[in-house]
Amino acid sequence: MNILLYNTLTKRKDRFVPIDPKRVTLYVCGPTVWNRAHIGNARPPVIFDVLNRLLRSVYGESHVLYARNITDVEDKINKAAAEQNVAISVITNTFEAHYLDDMRALGVNPPDFAPHATAHMADIVAMIEQLVKNGAAYAANSHVLFNVPGYADYGQLSGRNREDMIAGARVDIAPYKRDPADFVLWKPSTPDQPGWDSPWGRGRPGWHIECSAMIKAVLGDTIDIHAGGQDLIFPHHENEIAQSTCANHAPLARYWLHNGFLSMDREKMSKSTGNIKLISDILAGGVSGEVMRLALLSAHYRQPLDWTDSLIEQSRKTLDRWYGLLRGQPVEATAPAPAFMAALADDLNTPQAMAALAQLANARDLGALKASAAVLGLLQADAEAWFTAGASTDIDAMIAARNTAKAARDFATADRIRTELKAQGVVLEDGAAGTTWRRG
Ligand code: AMP
Ligand code: ZN
C-alpha cells in the first residue's frame with residue numbers, strides 16, 4: 001500500500017518509503033510536564049497515534065518503533081516549582097502522570113519509547129561535545145551556543161530568511177553570542193536551579209538539544225518520520241535538524257509532519273491568551289475521551305479545527321449511532337475496508353476515512369466497520385457499556401469532580417456540574433453517606 005505524507009521539508013505530498021520496512025521509526029515531540037494539557041495539546045498525540053496505528057497495520061505491529069519524549073528539563077518547570085514552592089520532581093511527576101491519564105482517556109496507545117531528558121543527560125552532553133569538536137558550536141561564558149552561520153542549510157525546513165529567523169526566535173542579544181541567530185545548547189545553572197556537571201561547568205541543556213540527543217539514543221541517527229505541532233517548525237525543529245546533522249553527519253528525518261492548530265472562537269487555543277479547555281475539565285463535564293477523539297479526527301490534521309459545543313454533540317451522535325449498530329450482537333472485526341485505508345493513506349485524510357466508516361455503517365458491514373475504526377482508535381469499547389456503564393462512569397466522574405470542587409470551596413464549579421447533569425436528566429442528592437444520583 002502506498003502511503004502519501006505531506007512533507008514540510010519538500011512542501012509536497014511525498015510517497016512514504018521507509019529506510020527499512022522492518023524497522024519504521026517515528027518520533028513526536030512530547031509534552032513539557034509543568035501544567036495540565038488542554039485539548040489543543042491533544043491534537044498532535046491523537047493524530048500521530050493514528051499515524052502509528054496506520055504504519056503498524058501496513059508494516060506489521062513489531063516493525064514500527066514510536067518514540068514520544070517527556071521534556072522534564074525546561075525553565076517553565078523550574079518556574080512552576082519555585083512558584084508552588086515544591087521540588088522540581090513533584091511538578092514533573094505530577095504532570096507526567098496527569099498527561100498519561102489524559103492520553104489513556106483519549107485512547108492514545110503508549111509509544112514504544114518515552115525517553116526523559118533527565119535520563120539522557122550523558123547523551124546530551126556527548127552530543128554537545130561532538131558539536132564543539134566539529135566546530136559547529138562554541139563555548140562562551142559557561143554557555144555553549146550553536147554557530148548558525150556555520151550551517152549552510154539552516155532555514156531549510158521553515159523556509160525562513162535570516163531576518164525572519166532572528167525575529168522569530170526572539171533571540172536576546174547576549175554579549176557572548178557571536179551571531180544573534182546562535183542558539184543555546186547548554187547554559188549555567190545557579191545553585192537553586194537543576195544542573196548537571198559538564199565540561200562547561202554545572203548547567204542544563206536547552207530544549208532543542210534534548211530532542212536531538214534522545215532521538216539518536218532511542219531510534220538512531222536518521223529516522224523516517226518526525227512530527228509535531230506547526231508551531232514547532234521554527235525554531236524547535238529547525239534547530240533539531242541543525243544540531244543532529246552537524247553532530248551525526250547524517251540527515252535527522254526524511255519526512256516532517258506538522259499538524260494545524262485547534263482554535264476556540266476562531267482563535268488559537270493557547271495558554272498565553274487564556275482561551276483553553278483542559279482535557280480533564282472536558283471529561284469532568286461528561287464528554288468521554290472517545291467523543292473528544294472523534295472530534296479531533298473530524299478535520300484533516302493540517303487544517304485548523306474550531307472546538308465548539310456542536311462539534312462535541314455531532315461527535316457524540318456519530319458514536320451513539322455506530323455503537324447502536326454494534327449493540328446486542330457479537331461482532332468480529334474482519335479487515336479494514338480498502339476505501340477506508342486509501343483515505344488514511346492519502347496524507348491521513350481522517351474526514352474521508354470517517355465518511356468511509358459511515359458508508360460501512362449504512363451497508364451494515366459491521367466487521368469491516370469495527371476493523372477500520374480500530375485504525376482510528378475508535379469503536380473498541382463494549383457497545384453495551386457505551387450506553388450503560390459508560391454513561392454512569394461519566395456521571396460518577398462528574399460527581400467526583402463536583403466533590404473535589406466543593407472541598408476546594410469552588411462552589412461555582414460544583415453548581416455548574418450539578419446543572420450540567422440536570423440538563424442530562426440526572427438529579428443529584430447529597431446525603432450523609434455522600435452523593436447519590438437518580439434519573440429525574
Ligand atoms: P505548548 O504547551 O504550547 O508548548 O504546546 C505543547 C504541544 O501542543 C506542542 O506540540 C504544540 O504544537 C501543541 N499545541 C499547542 N497548542 C495547540 C493548538 N491550539 N492546536 C494544536 N496543537 C497545539
Ligand atoms: Zn522536539
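Helices are taken here as DSSP runs of H or I with at least four residues, numbered from the N terminus. In this predicted model, helix 7 spans residues 233–248 and is mostly covered, with 15 of its 16 residues buried. His 249 follows helix 7 and has a positive phi, near 55 degrees.

A set of paired strands was also examined. Strand 5 (residues 137–140) runs antiparallel to strand 6, to which four bridges join it. The two strands form a hairpin with two residues between them, and Asn 141 in the turn has a positive phi of about 55 degrees. Within this pairing, Tyr 138 stands opposite Leu 145 of strand 6. Strand 6 also pairs with strand 7 (residues 183–188), in the antiparallel sense and over three bridges; here Phe 183 of strand 7 is the bridge partner of Phe 146. In a regular strand the side chains alternate between the two faces of the sheet. Strand 6 (residues 143–146) is covered on both faces, with His 143 and Leu 145 buried on one side and Val 144 and Phe 146 buried on the other.

An oxygen atom of ligand 1 is 2.8 Å from a side-chain N or O atom of Lys 271, and an oxygen atom is 3.1 Å from a side-chain N or O atom of Asn 41. A nitrogen atom of the ligand is 3.1 Å from a polar backbone atom of Gly 40. The protein covers 81% of the 480 Å² of accessible area that ligand 1 has on its own.

Technical notes. Residues are numbered from 1 along each chain as its sequence is written. Chains are lettered from A and ligands numbered from 1 in the order in which they are written. This is a predicted model: local features need pLDDT of at least 70, side-chain atom pairs count only at pLDDT 80 or more; totals for chains, interfaces and linings use all residues. Side-chain values use heavy atoms; hydrogens and water are left out. A polar contact is a pair of N or O atoms within 3.5 Å; within protein, one must be able to donate a hydrogen and the other to accept it, and residues adjacent in sequence count only if both atoms are side-chain atoms. Accessible areas come from the Shrake-Rupley method with a 1.4 Å probe; for residues, only the protein chains shown count as cover. Buried means under 20% relative accessible area, exposed over 50%, partly exposed in between (1.4 Å probe, protein chains only). Two strands pair if DSSP finds at least two bridges between them.
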